[in-house]
Amino acid sequence: MTWTISPEPHDSPVAAALWREYYTEVSDRWYLLHEGRRTDPDELEREIAANSWAELTPPGGQLVVARYDGEPGGCAGVRLLDATTAELKRVFVREGLRGKGGAPLLVRAAEDAARALGATRMILDTRGDLVEARALYARLGYAETEPYNDDPYAEHWFAKPLGRDLR
């Protein structure tokens, strides 16, 4: 069983299924932590519909999908914020595939995509309760930094110079 990662159209059926799983999980985690309930299904549908993620298409961005043994298992997006700064978005690995090395591969593929778009720096934001994500980013060389946006859900911001990939 191996991972393969390739670009994916942001509006493909595979991307749509992964977005739905991603939003369901992160939304449920937030609501369970803060309000003791799961996400209202209508609210989830509104949130999904409000985000087309068209900015994750060239020339200003890229969505990559990881497949494990040929089956979609995760995704990551990157979008340019300016000529040299890219933002990492929506890193997600399906629950049953976690711990198999997919997340670092997705982040590195997103970094490669950002380099190909001309970025020399990657930034991202995440929530405090997403401790697994924060640990992953730290392991991959991201350092906490000052806020770069006013996203009401963002509690931690990270940055990493991209330079050349020396893998």
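This is a predicted model: local features need pLDDT of at least 70, side-chain atom pairs count only at pLDDT 80 or more; totals for chains, interfaces and linings use all residues.
How much space lies in the largest pocket? About 1200 Å³.

Seven strands form an open sheet with mixed pairing, in the order β1-β2-β3-β4-β5-β7-β6. Its edges are β1, residues 3–7, and β6, residues 143–145, and each of these pairs on one side only. On average, neighbouring strands of the sheet are turned by 30° against each other, with direction ignored.

## Strands β2 and β3

Strand β2 covers residues 61–68 and strand β3 covers residues 71–80; the two pair in the antiparallel sense over eight bridges. Ala66 has Gly74 in β3 as its bridge partner, and Arg67 stands opposite Pro72 in β3.

A hairpin is formed by β2 and β3, with two residues between them. Asp69 lies in the loop between these strands. Its phi is positive, about 55°, although Asp69 is not a glycine. Is β3 enclosed or open to the outside? Seven of its ten residues are buried, so β3 is largely enclosed by the rest of the structure.

## Strand β4 and its neighbours

A hairpin through four residues joins β3 to β4.

β4 is mostly covered, with nine of its nine residues buried.

Arg90 is placed in strand β4. Like Asp69, whose phi is about 55°, Arg90 is a residue other than glycine with a positive phi, near 55°. As background, most residues other than glycine have a negative phi.

## Helix α3 across the sheet

Which strands does helix α3 lie across? Helix α3, residues 102–116, lies across β1, β2, β3, β4 (85–93), β5 (121–126) and β7 (156–161). The helix runs at about 155° to β4.

## The loop between α2 and β2

Pro58 lies in the loop between α2 and β2, and Pro59 lies in that loop as well. The peptide bond that joins Pro58 and Pro59 is cis, with omega about 10°. For context, most peptide bonds are trans.

Why does Pro58 count as exposed? The cut-off for exposed is over 50% relative accessible area, and Pro58 counts as exposed because its relative accessibility is 52%. Pro58 and Ala110 are 52 residues apart along the chain, and their C-alpha atoms are separated by 13 Å.

## The largest pocket

The largest pocket, with about 1200 Å³ of space, is lined by 44 residues. Those closest to its centre are Tyr22, Val26, Val91, Thr126 and Leu130.

Two or more residues of the lining come from each of α1 (13–35), α2 (41–50), β4, α3, β5 and α4 (131–139). Of these, α1 gives the most, with eight residues. By class, the lining has 23 nonpolar, seven polar and 14 charged residues.

How values were computed
Residues are numbered from 1 along each chain as its sequence is written. Side-chain values use heavy atoms; hydrogens and water are left out. Two strands pair if DSSP finds at least two bridges between them. Axes are lines fitted to C-alpha atoms, for helices over the stretch in contact, and angles run from 0 to 180 degrees between N-to-C directions. Contact means heavy atoms within 4.5 Å. On a 1 Å grid over the protein atoms alone, a cavity is a set of points where a 1.4 Å probe fits but cannot get out, and a pocket is an open set with protein on both sides within 12 Å along at least five of seven lines; lining residues have an atom within 4 Å of a point. Grid points are joined across faces, edges and corners, and a volume is the space filled by probe spheres set on the points. Ala, Val, Leu, Ile, Met, Phe, Trp, Tyr, Cys and Pro count as nonpolar, Asp, Glu, Lys and Arg as charged, and the others, Gly among them, as polar. Buried means under 20% relative accessible area, exposed over 50%, partly exposed in between (1.4 Å probe, protein chains only).
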